[in-house]
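This report is for a reader who is new to the structure shown below. It goes through selected features, grouped by topic.

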Amino acid sequence: MTGGKGERVSDLLRLGLHDLHVELGGKMVPFAGYEMPVQYGLGVMKEHLHTRAAAGLFDVSHMGQVILRPKGTYEETARAFEALMPVDVLGLAEGRQRYGLFTNETGGILDDLMFANRGDHLFVVVNAACKVADVAHMVAHLSATTEVVAITDRALLALQGPKAEEALARLVPQVMAMRFMDVAVVDTLFGALWISRSGYTGEDGFEISVPDGGVEGLARALLAMDEVEAIGLGARDSLRLEAGLCLYGHDIDESTSPVEAGLTWAIQKARRAGGTRAGGFPGATRILHELAEGPERLRVGLRPEGRAPMREGVDLFAPDDTPIGRVTSGGFGPSVEAPVAMGYVARAHAEIGTPLQGEVRGKKLPLTVAAMPFNPTTYKR
Amino acid sequence: MKYTQEHEWLRVEGDVVVVGITEHAATQLGDVVFVELPEPETMVASGDEVVVIESVKAASDILAPVDGEIVEVNDKLADNPGLVNEDPLGAGWFFKMKLDDLSVLDDFMDEDEYNELIG
């Protein structure tokens with residue numbers, strides 16, 4: 001039972017809510033350069049189940065918040081941003097958010113992100129571990145049209161679960177009118193909140209950007225409600241895994257293309273062959289080729305037959321023992337009440353229902369390619 | 001009751017030693033979701049990895065604390081691995097070992113020494 005992966009606590013950044021996490025019994029661990037709560041007193045399993053049953057509050061202030069402010073028109077900025085991703089940015093309506101991916105010249109994924117059209121500018125949320133590189137990437141490619149502003153005076157909270165709306169609406173009634181992937185800016189006594197109806201759990205819920213000066217008040221007001229519990233990174237991981245959502249650096253990285261990753265839903269028609277703005281993004285040759293011909297390997301859901309979890313790194317084999325892939329995320333799904341995993345397999349073995357074997361501690365154990373999400377999503381569309 | 005540096009407890013029952021993990025270890029591991037136990041009637045040496053515990057967070061090994069024979073394992077953990085969290089010192093035991101010489105247990109920590117270790 002050793003912790004730490006070379007990150008010294010003294011080198012780590014602290015969240016604005018650090019003292020509150022400690023007060024709440026949070027077990028702080030190094031993650032992406034920050035001291036983050038991996039779990040609180042309830043433990044990962046109960047925190048996970050509570051989020052699915054009521055509402056969980058997550059501090060995700062380690063993530064990068066960036067404003068893309070046009071030097072000229074919004075359209076020029078949107079067009080320049082669109083050139084970095086196989087995604088339709090220009091077509092995103094005001095007040096709406098969309099999932100995006102920065103690709104590299106070989107069609108791999110530099111990061112995945114959320115971006116929102118806020119009328120006269122774009123708001124972008126990127127992964128903590130990639131944020132420095134992402135800002136540099138945007139500055140390098142957008143500066144002609146756009147001021148890239150890394151936001152450093154705001155925290156980011158996520159409130160997730162079937163009771164998230166009811167809880168947040170007590171403080172911000174305007175959220176009741178929002179639907180999945182809507183964004184809104186609302187003035188409150190905690191400051192101007194930048195709210196999106198989205199998240200990383202497969203549940204209905206919200207991500208709330210709040211000024212540093214207001215975050216403790218907002219967090220305490222939410223935690224004082226019966227249905228809200230503080231939830232750590234451990235449950236965040238099991239929730240997103242059950243929802244079939246990718247974790248950057250594990251399920252997607254610079255070597256995996258969006259098509260291999262099964263993220264073709266994020267590549268709108270306008271950017272595909274025959275679309276009005278087809279191609280024109282880094283790695284377009286590979287990505288458009290894979291869209292037309294199919295990729296060599298695919299990210300799939302996996303259900304081990306026994307109770308033994310199959311975690312990241314487990315090698316996958318066909319029934320005849322041919323190596324065909326590897327698990328990229330896996331663990332126990334508290335809501336599924338069984339182990340669940342995802343990984344990459346050769347296309348011939350990617351069909352749902354295909355029997356495979358996963359090697360755990362030298363033993364090949366049976367598992368099956370399965371549909372994702374493992375747990376039904378409950379977004380308010 | 002004796003304790004190991006690896007946070008196992010050892011309890012003598014007649015001529016066998018029952019082995020489990022301490023409350024401290026169970027808390028550190030988090031919710032246990034899978035336990036892989038050895039086959040009964042296996043001879044093991046001290047330091048052998050005899051049990052694998054998977055929690056929601058990670059997999060951990062439990063080492064044989066001494067040389068001897070595994071004579072019985074706790075089959076209830078197959079269907080109910082959560083017993084390790086609910087009752088680590090009782091119903092959450094892992095296996096029973098038969099030793100040639102029970103005096104080897106004298107080398108392990110007693111409760112006071114163990115409590116000092118976990119501070």
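Which residue in strand 19 of chain A is the bridge partner of A:Phe317? The partner is A:Gln357. The model in which this pairing is found is predicted.

## Strand pairing in chain A

A:Phe317 and A:Gln357 are bridge partners, and the strands concerned are strand 16 (residues 315–317) and strand 19 (residues 355–360) of chain A, which pair in the antiparallel sense over two bridges.

Strand 19 of chain A also pairs with strand 20 (residues 363–370) of chain A, again in the antiparallel sense, over six bridges. Strands 19 and 20 of chain A form a hairpin, with two residues between them. In the turn, A:Arg361 has a positive phi of about 50 degrees. A:Val360 stands opposite A:Lys363, which belongs to strand 20 of chain A.

## Cavities

A probe the size of a water molecule, rolled over the atoms, shows where empty space is left. The structure has three cavities of 30 Å³ or more.

The largest cavity has a volume of about 90 Å³. Its lining includes A:Gln97, A:Arg118, A:Phe123, A:Trp194 and A:Glu207. Strand 8 (122–126), strand 11 (183–188) and strand 12 (191–196) of chain A are the elements that give two or more residues to this lining. Strand 12 of chain A gives the largest share, three residues. By class, the lining of the largest cavity has eight nonpolar, two polar and two charged residues.

The volume of the second largest cavity is about 70 Å³. Among the residues that line the second largest cavity are A:Leu17, A:His21, A:Tyr40, A:Phe58, A:Asp59 and A:Leu223. Two or more residues of this lining come from each of helix 1 (18–23), strand 4 (55–59) and helix 6 (212–223) of chain A. The largest share, three residues, belongs to strand 4 of chain A. The lining of the second largest cavity divides into ten nonpolar residues, one polar and one charged.

## The second largest pocket

The second largest pocket has a volume of about 360 Å³. It is lined by 20 residues, and the closest to its centre are A:Tyr34, A:Ser61, A:Lys131, A:Thr152 and A:Arg154.

At least two residues of the pocket lining are supplied by each of strand 5 (64–70), helix 4 (131–142), strand 9 (146–151), strand 10 (154–160) and helix 6 of chain A. By class, the lining of the second largest pocket has ten nonpolar, five polar and five charged residues.

## Aromatic pairs

Over all chains, the structure holds six aromatic pairs. One of them joins A:Phe81 and A:Phe102: the ring centres are 6.0 Å apart and the planes stand at 85 degrees, so the pair is edge-to-face. Because A:Phe81 lies in helix 3 (residues 74–82) and A:Phe102 in strand 6 (residues 97–103) of chain A, the pair ties together parts that are 21 residues apart in sequence.

## Chain B

An unreviewed UniProt entry carries the annotation "domain: Lipoyl-binding" for residues 16–98 of chain B. Over residues 16–98 the chain is 18% helix and 43% strand. The end C-alpha atoms of this stretch are 5 Å apart.

Helix 4 of chain B covers residues 111–118. At its start, a side-chain oxygen of B:Asp110 reaches to within 3.2 Å of the backbone nitrogen of B:Asp112. B:Gly119 follows helix 4 of chain B and has a positive phi, near 55 degrees.

Key
Residues are numbered from 1 along each chain as its sequence is written. Chains are lettered from A and ligands numbered from 1 in the order in which they are written. This is a predicted model: local features need pLDDT of at least 70, side-chain atom pairs count only at pLDDT 80 or more; totals for chains, interfaces and linings use all residues. Side-chain values use heavy atoms; hydrogens and water are left out. A polar contact is a pair of N or O atoms within 3.5 Å; within protein, one must be able to donate a hydrogen and the other to accept it, and residues adjacent in sequence count only if both atoms are side-chain atoms. Helices (H or I, at least four residues) and strands (E, at least two) are DSSP runs, numbered from the N terminus. UniProt positions are given in the numbering used here, feature names are shortened, and annotations may be inferred rather than shown by experiment. On a 1 Å grid over the protein atoms alone, a cavity is a set of points where a 1.4 Å probe fits but cannot get out, and a pocket is an open set with protein on both sides within 12 Å along at least five of seven lines; lining residues have an atom within 4 Å of a point. Grid points are joined across faces, edges and corners, and a volume is the space filled by probe spheres set on the points. Ala, Val, Leu, Ile, Met, Phe, Trp, Tyr, Cys and Pro count as nonpolar, Asp, Glu, Lys and Arg as charged, and the others, Gly among them, as polar. Two strands pair if DSSP finds at least two bridges between them. Rings of Phe, Tyr and Trp (its six-membered ring) pair if their centres lie within 6.5 Å; planes under 30 degrees apart count as stacked, over 60 as edge-to-face and the rest as tilted.
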